[in-house]
Amino acid sequence: MTPRHKPNHKELAALRRRYHVERERRVRPDGSSQYQGTEAEFGYYAADPYIKGPTKREAFHDTVEVAVIGGGFGGILAGARLRQQGVERVRIIEKGGDFGGTWYWNRYPGVHCDIESHVYLPMLDETGYVPEWKYAPGQEIRRHAMRIARKFNLYPDALFSTSVTSLTWDEASETWAVATDRGDMIRAAYVINATGTLTNPKLPGIPGVEDFKGHTFHTSRWDYAYTGGTPEGGMIGLADKRVGVVGTGATGVQVIPKLAQDAAHLYVFQRTPSTVDVRANRRTTARDVGADRSGWAHERRENYLRIVSGEPEEQDLVADQWTASAGLLEKLLPSFRRHGDRKAFEAAYEAADAAKMNELRSRVEQTVTAPDTAEKLKPWYRYACKRPTFSDTYYAAFNRDNVTLIDTADTHGIERITERGVVVDNNILEIDCLIFATGFFVGSSGIHSGKLPVHGRSGTQLLHTWAQHGPRTLHGFPNLIQMGSFQNASSVNFTHILDEQATHAAALVAAAEAANALVEPSPDTEDAWIALLAKDAPDHEWFHAECTPGYYNREGLGRPNGPTAYPHGAVAFHQLLADWRKGSMDEVLRPRTATRP
Ligand SMILES: Cc1cc2nc3c(=O)[nH]c(=O)nc-3n(C[C@H](O)[C@H](O)[C@H](O)COP(=O)(O)OP(=O)(O)OC[C@H]3O[C@@H](n4cnc5c(N)ncnc54)[C@H](O)[C@@H]3O)c2cc1C
């Protein structure tokens, strides 16, 4: 089919069959449990390779107003917004050696954001910074995280290279006891949990993965001491190495062109090809984005959120692939809204989706010269099944003589790893360095995973409570505020979501301080919130049921039960929070009975 060709009924039926066959080639009965963590015998995958020098220090005992767990954008924004509310004692506790979170850990060659920097980097108006690239490299993003932390004076009270290991509510003092892996004991009137959603690296549970005797690491713990070079490339340490990279998702697509340039030979192990659309990254100036006007970044970010949330907007200030695909949907939606005919809408959506996917498959053919390799790189699923990726160098990498694509769909992944290499289809490929671009356990950090136990009133464990009644929130246990997308709104621009939550959290803390109260919603308030989320929860199950396995559909086995997000989108959610702050904060405030230490 030609690019942008709109398929007819017969072609659509054929596509549906093909998508189904491709899904069945990849789906596994063990679902998400095919992966394993990086602890225990794989501790070296979880260590911090960016720390220079000793991190030993005395254990800390003190009392603060707010302890923030996590020094990524969530934690930094919480700290900054608290400062703006006049909160003085804010201690951010971070496992890594500095601020940045995702951008501290992920320093692999080629790392950059997939959302326009001018809307992704938060607090541009407040810091006066204007990003240098349309899609910023990771180092620029990390430096910006550090810039915000400096501006709001978050460094002096930060504890780095420190993991929080438990939270225990102390009834007598009505404070949290925050314990860490350094033996610290910090008392905090409030805790904000900002431990991230893509924090815990995962490895495929390939038999023999622990036997490999060559060099190995996860992309979120890049070993420059071994590879040489920098995030821009120049990995001279790989010039004589046979390198294997496992995974062709968002990270794989960014790192593979760089490895192709520098490795003696690169084997790319693929289970499912990503969609790889045009990147067109370029340097930008303040003039390009209208940064001479005050409030420009706020305006741009709101404009972007409205468009990607499907709200009508006259002007598209960002004009990237995300606003283009949202625009496509927006064109279809009016007829659905007018006629309310779900079937007609779905048919139009499916046809538009197929045209887009045809265009992306044809992009592979136009770039990759070996027909067999091109065929294997074509994505056979609907666009929204998998996280879209963007690159202008990815497909060209497969035209190099030193790059071999190993498609593992028919063998349901790599069969085995031995001391010296990787076995696929009974062939052993000898490898010197094996790199896992296999992503993270999504949304499993801290509290959700049970690695950070939370003991609330009368010792009640948060996870036990959630196991009995299902997860429920409206700001959580006493004075414990949870950042992230859970039972909240989400958007492709995640820092915007985090910033709104940070503003909300800081306002809550300020209100509770002013009223000498605890932040503790009643069970009725929580029930009402969960009921509201459930009432209009969209049913995406039918869509994901035919998707290729991945983290969007729990490896093909379907979405978890229960509402996970606010159903009316981020724009409406932010308005709801703002209205709520104006009116009904009292419903979550409960008078303190203890005198604060
Ligand atoms: C490679 C990559 C590219 C991405 N690109 C985009 C993009 O283009 N656009 C977008 O919107 N999003 C993107 N994301 C998602 C990104 O994670 C978010 O945008 C955002 O940075 C998350 O911030 P956070 O503070 O919620 O979490 P994180 O940045 O993950 O920070 C959480 C921090 O908590 C720390 N932590 C966890 N547990 C503990 C503990 N017990 N004690 C102490 N510290 C702890 C972790 O070490 C981590 O530093 C990307 C993610 C990855 C991995």
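**Entry 1: ground rules.** I call a residue buried when its relative accessible area is under 20%, exposed when over 50%, and partly exposed in between, using a 1.4 Å probe and protein chains only. I am working with a predicted model, where local features need pLDDT of at least 70 and side-chain atom pairs count only at pLDDT 80 or more, while totals for chains, interfaces and linings use all residues. Residues are numbered from 1 along each chain as its sequence is written, and side-chain values use heavy atoms, with hydrogens and water left out.

Entry 2: I looked up tryptophan 222 and found it buried, with a relative accessible area of 1%. Phenylalanine 217 is buried too, at 3%.

**Entry 3: aromatic pairs.** My rule for rings: those of Phe, Tyr and Trp (its six-membered ring) pair if their centres lie within 6.5 Å, and planes under 30 degrees apart count as stacked, over 60 as edge-to-face and the rest as tilted. That gives me 14 aromatic pairs. For tyrosine 50 and tyrosine 104, I read ring centres 5.6 Å apart and planes at 85°, so this pair is edge-to-face. Where do the two tyrosines lie? Tyrosine 50 is in the loop between α2 (43–46) and β2 (61–69) and tyrosine 104 is in helix α4 (residues 102–105), so the pair ties together parts 54 residues apart in sequence. (Helices are DSSP runs of H or I with at least four residues, strands are runs of E with at least two, and both are numbered from the N terminus.) Both tyrosine 50 and tyrosine 104 are buried. Back to phenylalanine 217 and tryptophan 222: their ring centres are 4.9 Å apart with planes at 75°, so I log them as edge-to-face. I also noted that ring pairs link Tyr50, Tyr104 and Trp105 into a cluster.

**Entry 4: charges over rings.** Here I need NZ of Lys or CZ of Arg within 6 Å of the ring centre and within 35 degrees of the ring normal. Arginine 107 has its charged end over the ring of tyrosine 104, 4.7 Å from the centre. For arginine 279, the ring is that of tyrosine 135, at 3.5 Å from the centre.

**Entry 5: strand β2.** How many of the nine residues of β2 are buried? I get seven, so to speak a mostly covered strand. Strands pair if DSSP finds at least two bridges between them. β2 pairs in the parallel sense with strand β6 (residues 185–193) over eight bridges, and with strand β3 (residues 90–93), also parallel, over four. Isoleucine 69 stands opposite asparagine 193 in β6 and has isoleucine 93 as its bridge partner in β3.
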